[in-house]
Amino acid sequence: MSNEDTIPAHGGTLVDLMATGEEAERLTSEAEHHPKLRVSPRELSDLEMLTVGALSPLTGFQGEDEYRSILETMHLTNGLPWTIPVTLSLDDEELKRVGRSESVTLLDPAEEEPLAVLRVSEVYKRDREAESVAVFGTTDVEHPGVRALHDAGDWVAAGDIHALRLPEHHQFQQYRLTPRQTRAAFRERGWNRVVGFQTRNPVHRAHEYIQKCALEIVDGLLLHPLMGATKSDDVPAEVRMRCYEVLFENYYPKDRAMVSVFPAAMRYAGPKEAIWHAICRKNYGCTHFIVGRDHAGVGNYYGTYDAQKIFEEFEPGELGIQPLFFEHSFYCLRCEGMASHKTCPHDDDSRVILSGTKVREMLGKGEKPPQEFSRPEVAEILIEAMRS
Ligand SMILES: [Zn+2]
């Protein structure tokens with residue numbers, strides 16, 4: 001067993017914004033008197049990520065200098081890579097309410113108990129056009145990320161966060177590990193090299209294969225499904241979690257793989273989000289990160305390999321975490337195993353390839369996709385979920 005962490009946090013120090021002891025008591029009583037601001041579900045995810053250090057080295061919502069620096073250079077003003085600004089929106093009414101207050105109390109979208117106190121360092125105007133182009137590569141409001149940006153207020157409040165508690169969750173409690181806890185879990189298991197896998201979908205054979213290929217060269221696998229806000233047509237979180245559980249129960253070695261929740265909200269920012277996801281996983285203690293084709297993509301906004309190519313725009317070692325790039329994979333009847341275009345010389349007639357649309361259609365009719373495509377246990381859960 002090792003006492004060393006697998007990898008330092010981004011910027012060197014794992015941030016922890018949770019107030020404790022007397023500071024927490026003082027904050028709780030002062031929080032009553034500050035103007036109140038209800039954060040959106042997306043911002044709630046960001047607040048949770050900030051609090052537990054998943055967004056290290058950030059200590060709060062970002063100011064205009066950082067905002068511009070990220071949009072223009074993909075780096076913070078101190079030179080560290082960073083690709084998506086982490087901001088707190090205000091609409092005109094909220095701007096008035098905040099006024100010149102030095103502190104604001106942040107509330108959950110649905111609860112009254114304060115979550116955190118924001119020490120307001122500045123308020124500035126959001127540059128929607130520049131942010132849309134830099135982060136999403138488009139200003140098309142059909143893009144779910146651009147849409148969310150348009151729905152957010154015109155103003156941005158920045159400043160350090162002093163958290164009083166984490167947002168309350170009613171699901172997956174045993175899977176909600178903070179970066180400190182995943183790091184401790186890796187140490188306990190004696191893992192020095194850990195690969196992280198981001199997903200917002202059920203895992204079929206192709207992704208299982210990619211995860212296991214990566215696991216062959218490291219000590220452990222962290223399946224880290226994103227459980228913050230996603231598009232309404234993505235598979236619901238509780239259904240996905242049941243799929244991961246049944247898969248782990250039947251097909252993954254318990255001492256080499258673990259599941260934990262990634263509390264982030266989905267941006268669908270493709271390449272920019274691939275870098276951001278990698279940095280976050282580094283904070284969770286992963287040394288390696290899987291980047292597939294069209295990572296964090298949506299529609300046809302990004303090229304198939306854009307999310308892999310963007311890693312070349314950073315100096316070697318700048319990110320710290322090692323990306324592992326994968327092709328789509330499939331079962332090949334002639335190879336008699338899982339393979340990819342890189343490893344299988346046969347043509348599509350030998351390969352078990354189904355489109356997402358086809359799979360949904362089959363599941364909707366209560367048909368299991370071939371077991372070369374989906375584990376039958378996973379297919380059963382998806383069929384059951386589509387019935388109800
Ligand atoms: Zn083949």
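Buried here means under 20% relative accessible area, exposed means over 50%, and partly exposed lies in between (1.4 Å probe, protein chains only). Strands (E, at least two residues) and helices (H or I, at least four residues) are DSSP runs, numbered from the N terminus. The structure is a predicted model, in which local features need pLDDT of at least 70 and side-chain atom pairs count only at pLDDT 80 or more, while totals for chains, interfaces and linings use all residues. Residues are numbered from 1 along each chain as its sequence is written, and side-chain values use heavy atoms, with hydrogens and water left out.

An open sheet of 5 strands runs in the order 9-8-7-10-11, with parallel pairing. Its edge strands are strand 9 and strand 11 (322-325), each of which pairs on one side only. From one strand to the next, the twist averages 25°; for such angles, axes are lines fitted to C-alpha atoms, for helices over the stretch in contact, and the angles run from 0 to 180 degrees between N-to-C directions. Two strands count as paired if DSSP finds at least two bridges between them. Strand 7 and strand 8 are paired in the parallel sense over 6 bridges, and Thr-199 stands opposite Pro-225 in strand 8. Strand 7 (residues 194-199) also runs parallel to strand 10 (residues 288-291), to which 2 bridges join it. There, the bridge partner of Val-195 is His-288 in strand 10.

A further open sheet is formed by 3 strands in the order 13-12-14, and its pairing is antiparallel. Strand 13 (337-340) and strand 14 (351-352) are the edge strands, each pairing on one side only. Between strand 12 (residues 329-332) and strand 14, antiparallel pairing extends over 2 bridges. Within this pairing, Tyr-331 stands opposite Val-352 in strand 14. Helix 8 (residues 205-215) packs on the sheet and touches strand 12 and strand 13, its direction making about 80° with that of strand 13; contact means heavy atoms within 4.5 Å. Glu-216 is placed in the loop between helix 8 and strand 8. With a relative accessibility of 68%, Glu-216 counts as exposed. Its C-alpha atom is separated by 44 Å from that of Leu-107, a residue 109 positions away along the chain.

The zinc ion has four protein donors, Cys-332 (SG), Cys-335 (SG), Cys-344 (SG) and His-346 (ND1), which lie 2.1 to 2.3 Å from it. Donors are N, O and S atoms within 2.8 Å of the metal (3.2 Å for Na, K and Ca); water is not among the atoms, so sites may look incomplete. Along the chain, the donors of the zinc ion follow the spacing C-x2-C-x8-C-x1-H. The arrangement is tetrahedral because the 4 donor atoms subtend angles of 100 to 116° around the zinc ion; four donors count as tetrahedral if all angles lie between 85 and 135 degrees. Ideal angles at a metal are 109.5 degrees for four tetrahedral donors.

Most residues other than glycine have a negative phi, and most peptide bonds are trans. The peptide bond from Ser-56 to Pro-57, by contrast, is cis, with omega near 10°. Pro-57 is found in the loop between helix 2 (41-52) and strand 2 (60-61). Met-74 has a positive phi, near 60°. Met-74 occupies the loop between helix 3 (64-73) and strand 3 (88-90) and is buried at 11% relative accessibility. Tyr-268 also has a positive phi near 60°. Tyr-268 lies in the loop between strand 9 (257-259) and helix 10 (271-283), where its relative accessibility of 1% makes it buried.

Note on methods:
Tetrahedral: all angles 85-135°; square planar, octahedral: opposite > 155°, others 65-115°.
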